[in-house]
Amino acid sequence: MLQMTRAMSEADETPRRAAPAALLAPLLAVVLLAAAPPTALGAPPAGPEAATPAAAASAPAPPPGEADSPLATAGAAAESSPDTRGLDQEIQDLKKDVVDLNKDLFILEEELLFPANTQVAVFLSVDVGQFFGLDSVQLKIDRKEVINYLYTPREVEALLKGGVQRLYLGNLKVGGHELVAFFNGKGPNQRAYKRGASLRFEKGVGAKYLELKIDDRQKKLQPEFAIKDWE
Amino acid sequence: MSWQRPNHPVWREVAQRWLRVAVIALGCSAAVQAELPYALIGQSAPDFALRAAVGGNARLSEHRGEVVVLSFWSSRCTPCRTQLAALNRSLTTYHSAGLAMFGIGVDDDPAQARDFARSASVSFELLLDPAKGVSRSYQVDNLPMTVLIDRSGTVRTVLRDYSPESEQLYLQQLRALLNE
């Protein structure tokens, strides 16, 4: 779910993240180079126990008669398989390190760009969606449009399956603010439907999380739009 | 007093010279148009989300992993209609190989673009870009214009006109991208 949220908000945040990503990329490269074992970087092995398939490949080839014999082949396979397994393990460890590092960098980037004392995040969820087909959401904070997001059928389907999208992540100073959201889509009987919802909230020293909720009001056979403040 | 066509040899020579100059200039401009560098080649394709003239919305990043063809069109562009029909044929052939296709209309009037889209009868989505944000990001300088994006989301080829020769080139490039 986190991945979906990241993917859905990635397109809108690309320009903002471009600069820190450019700064962090060389850092990632340097750390990777430092963390990688010498064999993986093509450096010569330190000792006889550090023999690699690359070293084996560069070793002189056995005589043709010896190499062709089944015994020699079986022996070679028995000798090379532990090395291959070791190399596979090294590659897997390296991949895991890269994933972990990427995660740490992502968290670090968010902490740098959106510190907890100014961070405000707006999420969107859809429950049932029988009376409303979501098309787009326009979000305004303090009368300033911060995002206008257009939904594709795949995204709507993901939301209807229970996904929660992080629609907006930004910074706000401590104090009172107003959030206004406009929801566009198809209402009952497939008619164009536009509704708004607003919330006045107080931004404290901690991060602020708000949720736009689209729900069905069964009694009135109408959709309901609400903004929830996660305390 | 009536106007008579000048029949003097000097006039004829001047007219012939002008004609030659015009033909050369036209040829040069066509060659320059065909060989204009496209800054996005090798770059990551700018992402977008647009409303379709008929049907749902579309977002480019949802088609990562597929070869994507973007064709920019206008209701006032006659070759665009022919090209969209040709693209539709290629989509029918290569859809199962992982080909996605979008037509992006640059008309100012969405109603006019919708009429065009309904009459075009193509099986891919014709999207509307009345604000021209996507056209600007793809540096559209000619209609029809076709952009080919590979499976990793990189712009690989641009075709700035439509002719039987360019269609052959398009199919050649498309097959190469689908085989990667």
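A:Gln119 is found in strand S1 of chain A; helices (H or I, at least four residues) and strands (E, at least two) are DSSP runs, numbered from the N terminus. This is a predicted model, in which local features need pLDDT of at least 70 and side-chain atom pairs count only at pLDDT 80 or more, while totals for chains, interfaces and linings use all residues. Residues are numbered from 1 along each chain as its sequence is written, chains are lettered from A and ligands numbered from 1 in the order in which they are written, and side-chain values use heavy atoms, with hydrogens and water left out.

Is A:Gln119 buried or exposed? A:Gln119 counts as buried because its relative accessibility is 10%; buried means under 20% relative accessible area, exposed over 50%, and partly exposed in between (1.4 Å probe, protein chains only). A polar atom of the A:Gln119 side chain lies 3.0 Å from the backbone oxygen of A:Phe114. This falls under the heading of a polar contact, a pair of N or O atoms within 3.5 Å; within protein, one must be able to donate a hydrogen and the other to accept it, and residues adjacent in sequence count only if both atoms are side-chain atoms. Not counting residues up to four places away in sequence, A:Gln119 touches A:Phe114, A:Leu169, A:Gly170, A:Asn171, A:Lys203, A:Gly206, A:Ala207, A:Lys208 and A:Tyr209, where contact means heavy atoms within 4.5 Å.

A:Ala116 is placed in the loop between helix H4 (70-113) and strand S1 (119-126) of chain A. With residues up to four places away in sequence again set aside, A:Ala116 touches A:Lys203, A:Val205, A:Gly206 and A:Ala207. For A:Ala116 and A:Ala207, 91 residues apart along the chain, the C-alpha atoms are separated by 4.8 Å.

Let me turn to chain A as a whole. Its secondary structure comes to 5 helices and 8 strands, and from the N terminus on the elements run α-α-α-α-β-β-β-α-β-β-β-β-β. Of its 231 residues, 31% count as buried. Among the contacts in chain A with a separation of 6 or more, 69% come from residues 24 or more positions apart. The accessible surface of chain A comes to about 14,200 Å², and 59% of this belongs to carbon and sulfur atoms; the areas come from the Shrake-Rupley method with a 1.4 Å probe, and for residues only the protein chains shown count as cover.

Next, the backbone geometry. Most residues other than glycine have a negative phi, and most peptide bonds are trans. A:Asp142, in the loop between S2 and S3 of chain A, is not a glycine, yet has a positive phi of about 55°. A:Asp142 is partly exposed, with a relative accessible area of 36%. In chain B, B:Lys132 also is not a glycine and has a positive phi of about 65°; B:Lys132 is found in the loop between strand S5 (125-128) and H4. Its relative accessibility is 23%, so B:Lys132 counts as partly exposed. The peptide bond from B:Leu143 to B:Pro144 is cis, with omega near -5°, and B:Pro144 is in the loop between helix H4 (133-137) and strand S6 (145-149) of chain B.

A further site in chain B is B:Glu167, in helix H5 (residues 164-179). Why does B:Glu167 count as buried? The reason is that B:Glu167 has 18% relative accessibility. Its side chain is joined to that of B:Tyr162 by a polar contact of 2.9 Å. Leaving aside neighbours within four places in sequence, B:Glu167 is in contact with B:Ala86, B:Arg89 and B:Tyr162.

Finally, the interface. Here, 10 residues of chain A are in contact with 10 residues of chain B. The area buried between the two chains is about 840 Å², of which carbon and sulfur atoms give 43%; buried area is the accessible area (1.4 Å probe) that two parts lose on being put together, summed over both. How many salt bridges are there between chain A and chain B? The count is 3, a salt bridge being a side-chain nitrogen of Lys or Arg within 4 Å of a carboxyl oxygen of Asp or Glu. B:Glu62 forms a salt bridge with A:Arg154, with the closest N and O atoms 3.9 Å apart.
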